[in-house]
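These are my notebook entries on a structure that I went through chain by chain, and they record what I looked up and what came out.

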Amino acid sequence: MNEKKRGPLAHIVKRPVISKQQAYAVRALSIVLAIIVCAIVTFLLTGDDPISVFKTIWEGSFGSERRFWVLMQNISILLIISLAMGPAFRMRFWNIGGEGQVMIGVLATASCMIMLGDKLPAPILIIVEIGAAIVAGAIWAAIPAFFKSNWNTNETLFTLMMNYVATQLVAYFIIIWESPRGSGKIGIINQKTMAGWLPQIGQYKYLLTVIVAIVLTVVLYIYMNYSKHGYELAVVGESERTARYIGIKVGRVFIRTMLLSGAICGLAGALMVAGTDHTMTTTLAGGRGFTAVMVAWMAQFNPVGMIFTSFLLAFLQKGAGEVATQFGLNQSFSDILSSIIIFFLIGCEFFIQYRIVFRKEAK
Amino acid sequence: MKKLVALAMSALMAFSLSGAALAAETESDVVIPEDFKAGFIFLHDENSTYDLNFINAAKEAAANLGMSEDQIVLKTNVPEGQECYEEAMDMADQGCGIVFADSFGHEDYMIQAAQEVPEVQFCHATGTKAHTQGLDNYQNAFASIYEGRFLAGVAAGMKLNEMIANGDITEEEAKIGYVGAFTYAEVISGFTSFFLGARHECPSATMEVTFTGSWYDETAEKEGANTLIEDGCVLISQHADSMGAPTACEAAGVPDISYNGSTKDAAPNTYIISSKINWAPYFEYAIKCAVAGEDIDTDWTGTLATDSVQLTELNEDVAAEGTAEEIEAVKAALEDGSLHVYDTSAFTVFGEELTEEFMADVDDDPDYAPDTAVVSDGYFHESEYRSAPYFGLFYDESGNGSPIDGITLLDTAF
C-alpha cells in the first residue's frame, strides 16, 4: 500500500507581477475561449451553425451605416456613465447608484423642457436644462457621500436605494405630465417646436453624444492620472488611514468625488432626453447604471480601457438582439451568449492574479 | 312609381355589386411578391400575453398570405423610446415595405420614422394620432373589443344569476371585481362594456375596480385580485397582461373572465371565457394594401364581422348553463344592430343619461379638451371617430373623474 501522503490535485498560487503584454495575452485568450464555448453551446442547444450566429452578431452592429451610428451612440452613453463610476471605485467607494443619478438627470432635463419649453429661447433653455441635470445628478450622488463621511453609513445600500427613489420620482411625474390622460406615457416632448432639443451636427443624429464621450474620456484620463485629486483618490483607495495620516480629508474627498460622478451621470441623462430619446420613461436608463460598474471594473477603472469594454458590451447587446430576430430565438438565448463572454472576461482577471499549480506525480 | 323604385333598386344593386367586386379584388387577388417584407416591432417578447397575441397574429397573417419566414422581420423587446424609431428605420433599410408596432408608447417614434421614409407604410396598433397627423403613410388600428368585452360580460352575468339561483349569494351581493392597468380610456371602455354585458343578464350587478399602474406586474395584479375578493367580489375580470389575476382566482376558487387569450391551463377550475383582439385580419389587410399601392385606412377598426374580435374557448365546467347559446344570441343582436353596447338608455352618469350634447376627447391635445360629439341614435359611438377607444371617465365641474353609475373605483392613482 502506498502510505505516502498526496497533496491536493491542484492548488492556487499568487503570480509574481506579470508584464502588461502577458496580461493582455491572457485577456485575449479568454475572449477566444469564450467564443469557442459560445459556439459549442449554440450548436448543442439550437443546432444552428455557430459561424452564422457570430456573423449575425457582427451584422447587428456593422450591418448598415445606421446600425454603426446606433452602436456608437450606445457605446457613448454607456462609456459616459462608466467614466462617472471610475473615480469613486478607484477610492473603493462602492457607488452602485449610477442608475438613479442618470434618472434624476433625466427628470431634471425633462422638467425643464416641459415647464420652460415655451418660456425661454432655445439656446438658453438648453443651457438651463443641462445645468439642471448636472446639478441634480451631483446632489443625488453627494447625499450618500455626505452621510458616509459624517456618520459612516453604508454607501452600497444607500446609493442602491437612491436608485429606487429616483425611478419612483420619475414614475410620479410621468403620471402628472402624461398624455393622453391615464396612459402613463408622456410621448415625445415638444415634438412640434423641438424646444430644448440638442442641435444635430450635420446629418449625424448621434455625433454630438459621441464627441461629448470622447472629450470626457480625455478629461477623466487626465484627472485620474495627472491631477492632485486623482492621486488623492488612489491613496484613499489603498488605505483610508494612510490618507488621513498624510493629511487628506477623506470625507471631503468622498463628497467631492461623488459630486463629480453624479454630475457626469446627470449629463448622460440630459444627453438621452434632450439629445436622442426626447421622452422620459422609467426604463430610459435601462440598467446601464449597473452595466457601467462592470464596464469600469473590467477596464480596471482606466478611462481609455473603458472605451474597449463599453464597446464590447454594447456590441454584444446589439448582436444579441439581432440574433434573436434572425434566428427566431428568444432574447434570453443571446443573453446567455453575452453572459458566457462576460464570465470569461471577469474570470480571466483571476488568472492574471493567480495561477493554478497541478500536483506533480511523485516518482 | 313602381318602375322608378325598380330602377332605383337595380341601380343600388349594381352599385353594391360593383362595390363588392372592388372589395374582392383588393382582398384576395393580391399576390405578395417574394421580395416584399413586413416588419413587426414588439414591446416585450412571448412571455407577455399581450405581445404573444401580436406575435402569433403576425405569423398567422404571413402564413395566410403565403409569405416565407424571410419575408417577416420580428423584433421583440423594443422599448418605447429612441430604439423604436431606430428599429423602424432599420426595418425600412432592410427593405420592409410596411412596419407595424404594437405598443401605445411606440407611437411618436413611428410618426418620426414615417416622416423620414414616405415610401414605407407605418402602422401602429392602439395609437391615437393618425387622424390628426396628416401623414399618408402613418396609420392607427384597433378593434371593437368593447363588443367582445360585452359578450364576456354576458357570461359573467349568467354566472352571477346562477349563483343567485343557487342561493350562494343574494341579488345585492352580485359584485364583480376588476383589475385594471391604468385609468386610460382603453381600460375604462373595457371594464364599462364588460359591466354592461354583465348587467344585461343580471340587473343587480355592481362592480369595483382597482388599478395597478403597470401593464405587466404579476405581483400587483395578484394582490389587486385578492383585495377585491376579500372585499366581497364574487367574480373577477382583468385588463392587464400577466397571469396574476387568473392564478389568484384559481387559488381562491373565484370565477374569472380572462383577457388576451384563454387561461384555462393555469386556472382550470375558475376560468370561464376570455375575449381578445385577433390582429391577423388587420395585418393581412394592411400588407395587401401596401403591396397593391392602395391607401390603408387611417383608422382601421376590426369588428366581430372581420373576426378581429374573438372569444376564446368557453369552460363548460365553470360557466353557467346556457351561456354559449346566450352569447350567440347577443352576438347576433350586436351584429344586426338591434343591440348597442353603449346604449345610452342602459346606463347613467352622475344619475343622468348621456345626451347628444356630450363631447368626448378624441383628438390628441395636452389639455384633454373634449372635442367631438359621439352620442347619436341613442348610443355612444365607440371607436368610430378614431380606432382607439375614447369611452373614458366622466368629469364633473371640479374635475373629478367618475365611471358610469354602478361601478366604483377603489383607487385612481394611476
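Predicted model: local features only at pLDDT ≥ 70, side-chain atom pairs only at ≥ 80, totals over all residues.

**Entry 1: a helix pair in chain B.** With that convention I looked up how helix 8 of chain B passes helix 9 of chain B, and the crossing is right-handed. The axes of helix 8 (residues 218–230) and helix 9 (residues 244–252) of chain B come within 7 Å and cross at roughly 40°, and the two helices are therefore oblique to each other. From helix 8 of chain B the contact takes Glu218(B), Thr219(B), Glu221(B), Lys222(B), Ala225(B), Asn226(B) and Ile229(B), while helix 9 of chain B brings Gly244(B), Ala245(B), Thr247(B), Ala248(B), Cys249(B) and Ala252(B). Sorted by class, the residues of this contact between helix 8 and helix 9 of chain B come to 6 nonpolar, 4 polar and 3 charged.

**Entry 2: chain B as a whole.** I counted 11 helices and 19 strands in chain B. The radius of gyration of chain B is 22 Å, close to the 22 Å that the globule rule gives for 414 residues, so chain B is as compact as a globular protein of that length. Along the principal axes, its C-alpha atoms fill a box of roughly 65 × 60 × 45 Å. I then checked burial, and 51% of the 414 residues of chain B count as buried. Of the contacts in chain B with a separation of 6 or more, 66% join residues 24 or more positions apart.

**Entry 3: a helix pair in chain A.** I found helix 3 and helix 12 of chain A packed at an angle of about 135°, with their axes 8 Å apart, and they are therefore oblique to each other. Helix 3 of chain A also passes helix 12 of chain A in a right-handed crossing. Among the residues that meet are Leu71(A), Ile75(A), Leu78(A) and Leu79(A) in helix 3 of chain A, and Met306(A), Ile307(A), Phe311(A) and Lys318(A) in helix 12 of chain A. The class count for this contact of helix 3 with helix 12 of chain A is 12 nonpolar, 4 polar and 1 charged.

**Entry 4: where the chains touch.** Which helix of chain A gives the most to the side of chain A that touches chain B? The contact takes 26 residues from chain A and 28 residues from chain B. Helix 3 (65–90), helix 10 (250–277) and helix 12 (303–326) of chain A each supply at least two residues of the side that touches chain B, and helix 3 of chain A gives the most, with 3 residues. By class, I noted 6 nonpolar, 15 polar and 5 charged residues on the side of chain A that touches chain B.

Technical notes: Residues numbered from 1 in each chain as written. Chains lettered and ligands numbered in written order. Contact = placed C-beta atoms within 7 Å. Helix = DSSP H or I, 4+ residues; strand = E, 2+ residues; numbered from the N terminus. Nonpolar A, V, L, I, M, F, W, Y, C, P; charged D, E, K, R; others polar. Axes fitted to C-alpha atoms, helices over the stretch in contact; angles between N-to-C directions. Parallel < 35°, antiparallel > 145°, perpendicular 65-115°, else oblique. Left-handed = near helix turned anticlockwise from the far one by under 90°. Rg over C-alpha atoms; globule rule 2.2 N^0.38 Å. Buried ≥ 20, exposed ≤ 12 C-beta atoms within 10 Å, placed from the backbone.
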